[in-house]
Amino acid sequence: MKFTFLGTGTSHGVPVIACDCEVCRSKDPRDKRLRTSGFLQTDDEHYILFDVGPEFRIQALENNIKKLDSILLTHAHADHLHGIDDVRVFSTKMFKAPTDPRSLKQYNAPPLQLFTNANTAQDLRERFGYIFSNVTEGGGVAKINLVEVKEPFYIGETKITPVPMMHGHLETCGFMVTSKKNKSLAYLTDCNFISDESFEIIKKNCGTLEHVVIDGLRIKEHSTHFNFLQALGAAEKLPAKHVWIVHLTHNASHVQVIDYINKNLKEFPGLKAAESVLPAYDKQVIEF
């Protein structure tokens, strides 16, 4: 299983438009943060996208994504959803069959499976209704099969476990993916509260929890996201080998986040056994 961090930034991205702060001017490539998203290639060659933000086209080109069959959508905020039109290159619904061989391949492809919770599915139908309507003219839209999920399900041999979370007053959906070898990655963004019941869902189903990818916005507290210390507090409730902080702002550089984590890590004894606790960065690849 290979997971690529397509983006690790918050809703503004980094650098922020019109900002001249130290981080936005940084030459460290790890400080260039597109909106948070991930891409998983499974052992049995399924290709799964975690969220589809407004920079998906750029992320797909920069990471050479040529196949996609499923999308796991955490919620319907713009920074996690507004690239959805760009998935039509993988499966397209058109008014009539095209003659161009490349377009015909997209036309004949099966629908992309998009899995999410009920409230996100409702938002998607309301805001992107044209995707779920008959195409009457133009170049076509993404062909998507929208699936509301609460219970674990499978994409090929990979088990997907939905994890309910709260993002302020909005219920979001984290996802844990578990390989046939019973090794797991938990993807937990966007959130500022994860219930004990959700932690139990992860612990009971994870097998070996290789990676936790978790929302950690900045040092200062926020009303809808974990800050760094809250992210560490949540992560220490799980038996992860590796913890990766995502959804980062421009308030701290990659190096500064590492320093801050290392300075405070002793306050979280539950993470003592973890092999690494670090901020993730764009284009980073992890395997399990």
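## About the model

This is a predicted model, in which local features need pLDDT of at least 70 and side-chain atom pairs count only at pLDDT 80 or more, while totals for chains, interfaces and linings use all residues. Residues are numbered from 1 along each chain as its sequence is written, and side-chain values use heavy atoms, leaving out hydrogens and water.

## How H6 meets H7

Helices here are DSSP runs of H or I with at least four residues, and strands are runs of E with at least two, numbered from the N terminus. Helix H6 (residues 228–235) packs against helix H7 (residues 254–264) at about 55 degrees, and their axes are 11 Å apart (axes are lines fitted to C-alpha atoms over the stretch in contact, with angles from 0 to 180 degrees between N-to-C directions). That angle makes H6 oblique to H7 (under 35 degrees is roughly parallel, over 145 roughly antiparallel, 65 to 115 roughly perpendicular, and the rest oblique).

On the H6 side, Phe228, Leu229 and Leu232 meet Val257, Tyr260, Ile261 and Asn264 of H7 (contact means heavy atoms within 4.5 Å). The residues of this contact divide into six nonpolar, one polar and no charged (nonpolar: Ala, Val, Leu, Ile, Met, Phe, Trp, Tyr, Cys and Pro; charged: Asp, Glu, Lys and Arg; polar: the others, Gly among them).

## The largest pocket

The largest pocket holds about 570 Å³ of space (the volume filled by probe spheres set on grid points joined across faces, edges and corners). A pocket is an open set of points on a 1 Å grid over the protein atoms alone, where a 1.4 Å probe fits, with protein on both sides within 12 Å along at least five of seven lines; lining residues have an atom within 4 Å of a point.

Its lining has 23 residues, with Ile65, Lys66, Lys67, Val89 and Phe90 nearest the centre. Helix H1 (56–62) and helix H3 (101–108) each give two or more residues to this lining, and H1 gives the most, with four. The lining divides into eleven nonpolar, three polar and nine charged residues.

## Backbone details

The peptide bond from Val14 to Pro15 is cis, with omega near 10 degrees. Pro15 sits in the loop between strand S1 (2–7) and strand S2 (37–41).
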